[in-house]
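Subject: Handing over a two-chain model

Hello,

Here is the structure I promised you. Please open it first, then read my notes below.

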Amino acid sequence: MFESLSSRLGEVFDKLTRRGALREEDVDAALREVRVALLEADVALPVVKTFIEGVRERAVGQEVLRSVTPGQMVVKIVHDHLVEMLGGEAEEINLRAAPPVAILMVGLQGSGKTTSTAKIAKLLTTRQKKKVLMASLDVRRPAAQEQLAVLGRQAGIATLPVVMGEPPVAIARRAMQSARLEAYDVVMLDTAGRLHVDDALMTEAEAVAQVVGAVETLLVADAMTGQDAVNVAQSFDQRLTLTGIVLTRVDGDARGGAALSMRGVTGRPIKLMGTGEGLDAIEPFHPDRIAGRILGMGDIVGLVEKAQETMEEDEAKRLAKKFEKGKFDLEDMAQQLRQMRKMGGLEGVLGLLPGVGKMKKQLAQANVDESMLIRQEAMISSMTVKERQRPEIIKASRKRRIATGSGTSVQDINKLLKQFQEMQRMMKQMKKLGQKGMMRGGMPGMPGMPGGPGLPQR
Amino acid sequence: MSETPAEGPEEDEKAEKRRWFGRLKSGLGRSSDKLTGGITDIFTKRKLDEESLAELEELLIMADLGPATAAKVAGDFAGARFGKEVTPEEVRGALAEQIARILEPAARPLEIDPAIRPFVVLVVGVNGTGKTTTIGKLAKRLRDEGRSVMLCAGDTFRAAAIEQLQIWGERIGAPVVAGKQGASPAGLAYDAFVRAKAEGTEVLLVDTAGRLHNKAHLMEELEKIIRVLRKHDESAPHATLLVLDATTGQNALAQVETFQKAAPLTGLVVTKLDGSARGGVIVALAERFGIPVNAVGVGEGAEDLRPFSARDFARGLMGLEG
Ligand SMILES: Nc1nc2c(ncn2[C@@H]2O[C@H](COP(=O)(O)OP(=O)(O)OP(=O)(O)O)[C@@H](O)[C@H]2O)c(=O)[nH]1
Ligand SMILES: Nc1nc2c(ncn2[C@@H]2O[C@H](COP(=O)(O)OP(=O)(O)OP(=O)(O)O)[C@@H](O)[C@H]2O)c(=O)[nH]1
Ligand SMILES: [Mg+2]
Ligand SMILES: [Mg+2]
């Protein structure tokens, strides 16, 4: 659906022949595209405006380096500015206070507070060896307290016993008392979801923050949030003086402009991001990754890391070597197909890649979908080892046999073989790109597709 | 939900409507203050020209219509009026009308066919949008209409999701079919169908775990639930509702598009409209997919489900009285 910014800017600048320095009108033309890209990514309009102004100041008059096109130059300036605005380095959870340190989790309904509470508690317990107590102050949502208790059991984190009918401020007070008595280092306080426009509930949150003397007050917000992100972040910050933001559902395919909106309007650091439903699916915030996504340029770094993390080192090397020699066989393809499905299927993988706008369209035309991946796996598994290694020997009679064996048609086999050839061709292109330094770390995998399963189960 | 009105006498209905609109509007109003303030500024100062059009477009963008839809709506709007003197009221009213026209075809309530028993409603969506709560609200509405309802706790993944639905079941007085955490949701849906059929239940509401649409294996799981239901009844599920959070931005388009492939959607429920997010992405959705909006959520309580009215929604968006 979204064209990547680079290809868009490519179009803008195609019309110009190269000039020495970026001229004002060229920059303006480029920035109109940047504006649309940011808005499509859900960056709030007021923040877009400030951002564009910042880029403009930097870009006009810049010498275009000889090795790049003006479009690439602008993209680079935009990207760098974005990373800077998102906040250079990840900031850690602040525990510098007399224990028990209170961490208050707040946010809109359903943003991921309870899950993030348990994730952070687990992180502090395992990585920093802290003794953590969790308490649910959510007396509103059905089974909210039970939810936190279950998560506590799953993660091996203590939760404050529930007293029926106890109001939130009293629970908070009791949590701090227990923590003091039982020598906990940290108390994580999960709260009920609340609208920033709900004055009564915002007042309640203020009271809780005061009673516990919160060292951290973290706003938990969904990466899919639209323009309202600025209102939400601003209101919560005004009422509760936030110390940071936790961005959830970064494992989705939202462009995540809300990150820039919230950061832009509050100046508060985004400390962590949630990348799944599992309790280990939390990571320090990576501004460069989010910047790439917001610009629709794909989360290349994340993709490479994911591939590296999960793929066996040897396997990666073996494949990389094969690619270098251009010896990519059907067996390798089958393996890639399996891994791709695990990574969230074609769409999932493509969403992470740069410049996929065009490719997605091609794929849609080629009718490549999930069931197709499965069918292709079946076809390959109906082949002999020899056939997999040397696909060129697959002629008519072999095709018929494979089709029967996999419950497909000869036509399907032809398609598969054609796709395989196409992959080999693309692989060569990819190698060229790799030499330009786009694919850091010699990423193994299908041409244009990474190797390695990666996403956690959910 | 649709054929029998929820409230009896007409008076009640009117009062009810005022209440809901007031509630929706007080939410919408908070942020449309900015919007309407903006429009007033633009249009008392000058006539509709290039610049004021750009500003109008920006105001629509801030309501989450997205840059493309905002440009189109603002452009169409300006077409006839360009260069004319217009008052702020005219602009607001006319723009609301135009948006209402786009939304009108989408304003269709959930139709329960009494000839089908159980009428199976599958509720799907990404995480945390309000699926379980919407089921509670829907069940309440259906019970008030005098129908028998059964709930299926198909979210066997999230911690205490089963308990959450069970509490809703108790509140509303509807039986809940539940398994253990980690059980197969498709198997559970199957059990629930069999039981609903045996007991002659009119409507079966099936909850599902939140799932991000870009996760292929989770979408496959959803397809499996549908396959299993169809083994019993080829026409099931008879309605599939995607629950959409009004605070969601342009990603809603991708959600609808992808869910549609795995589970043919019959309608949307847009939740959390009691906040300050205006849910303008619905306009983009209506333009692009023409998918009905069956109801909207305006709070966390059992009563906080409302039919979607294109006119009220559009006027609320513009900060106008119902
Ligand atoms: N995919 C994904 N799902 C998440 C993430 N964080 C939370 N969730 C899911 O989002 C849903 C809501 O999460 P909760 O933690 O219950 O949200 P909450 O803010 O506590 O909700 P309320 O208490 O009702 O306001 C659940 O289905 C979680 O599993 C994340 O980073 N990625
Ligand atoms: N303000 C408001 N809150 C709502 C509305 N609908 C649901 N909620 C709240 O949103 C939160 C999430 O609702 P759930 O029904 O648990 O959402 P879900 O989609 O079932 O979540 P998962 O099963 O975890 O994916 C809860 O705190 C609900 O009370 C609404 O219309 N307005
Ligand atoms: Mg919660
Ligand atoms: Mg649920």
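**Overall make-up**

Chain A has 20 helices and eight strands. Helices (H or I, at least four residues) and strands (E, at least two) are DSSP runs, numbered from the N terminus. Chain B has 11 helices and eight strands.

The model is predicted: local features need a pLDDT of at least 70, side-chain atom pairs count only at pLDDT 80 or more, and totals for chains, interfaces and linings use all residues. Residues are numbered from 1 along each chain as its sequence is written, chains are lettered from A and ligands numbered from 1 in the order in which they are written, and side-chain values use heavy atoms, with hydrogens and water left out.

Of the 458 residues in chain A, 56% are buried. In chain B, 60% of the 322 residues are buried. Buried means under 20% relative accessible area, exposed means over 50%, and partly exposed is in between (1.4 Å probe, protein chains only).

Now the contacts, where contact means heavy atoms within 4.5 Å. Take the contacts in chain A between residues at least 6 apart in sequence: 74% of them join residues at least 24 apart. For chain B, the share counted in this way is 77%.

**Confidence**

The predictor gives the complex an ipTM of 0.87 and a pTM of 0.79. Each residue also has a pLDDT, the predictor's confidence in that residue, from 0 to 100.

Chain A averages a pLDDT of 81, and 73% of its residues score at least 70. Over residues 299-305 of chain A, pLDDT stays under 50. The model has 17 contacts beyond four places in sequence for residues 299-305. Residues 351-358 of chain A are also below 50, with 19 contacts beyond near neighbours in sequence.

Chain B averages 85, and 82% of its residues score at least 70. Residues 1-11 of chain B have a pLDDT below 50, and 21 contacts beyond near neighbours in sequence. Residues 16-37 of chain B stay under 50 as well, with 48 contacts beyond four places in sequence. Where pLDDT is low, the predicted coordinates should not be read in detail.

**A helix pair in chain A**

Two packed helices are described by the angle between their axes and the distance between the axes. Look at α8 (residues 199-212) and α9 (residues 229-240) of chain A. They pack at an angle of about 45°, with their axes 9 Å apart. Axes are lines fitted to C-alpha atoms, for helices over the stretch in contact, and angles run from 0 to 180 degrees between N-to-C directions.

The two helices, α8(A) and α9(A), are therefore oblique to each other. Angles under 35 degrees count as roughly parallel, over 145 as roughly antiparallel, 65 to 115 as roughly perpendicular, and the rest as oblique.

Which residues of α8(A) and α9(A) make the contact? From α8(A) come A:D199, A:M202, A:T203, A:A205, A:E206 and A:A209. From α9(A) come A:S235, A:F236, A:R239 and A:L240.

Most residues other than glycine have a negative phi, and most peptide bonds are trans. Here are some exceptions.

- A:K129 is not a glycine, yet has a positive phi of about 55°. A:K129 lies in the loop between α5 (113-127) and β2 (132-136) of chain A. It counts as exposed, at 67% relative accessibility.
- A:T241 has a positive phi too, near 45°. Its place is in the loop between α9 and β6 (244-248) of chain A. A:T241 is partly exposed, with a relative accessible area of 47%.
- A:P99 and A:P100 are joined by a cis peptide bond, with omega about -5°. A:P100 is in the loop between α4 (70-87) and β1 (101-106) of chain A.
- The peptide bond from B:A236 to B:P237 is cis, with omega near -10°. B:P237 is in the loop between α8 (216-232) and β5 (239-245) of chain B.

**Two residues in chain B**

Is B:A314 buried or exposed? B:A314 counts as buried, at 0% relative accessibility. B:A314 lies in helix α11 (residues 310-317) of chain B. Leaving aside neighbours within four places in sequence, B:A314 is in contact with B:A96, B:I99 and B:A100. B:A314 and B:L95 are 219 residues apart along the chain, but their C-alpha atoms are separated by 8.4 Å.

B:D76 is in helix α3 (residues 67-81) of chain B. At 47% relative accessibility, B:D76 counts as partly exposed. B:D76 and B:G125 are 49 residues apart in sequence and 32 Å apart in space, C-alpha to C-alpha.

Best wishes
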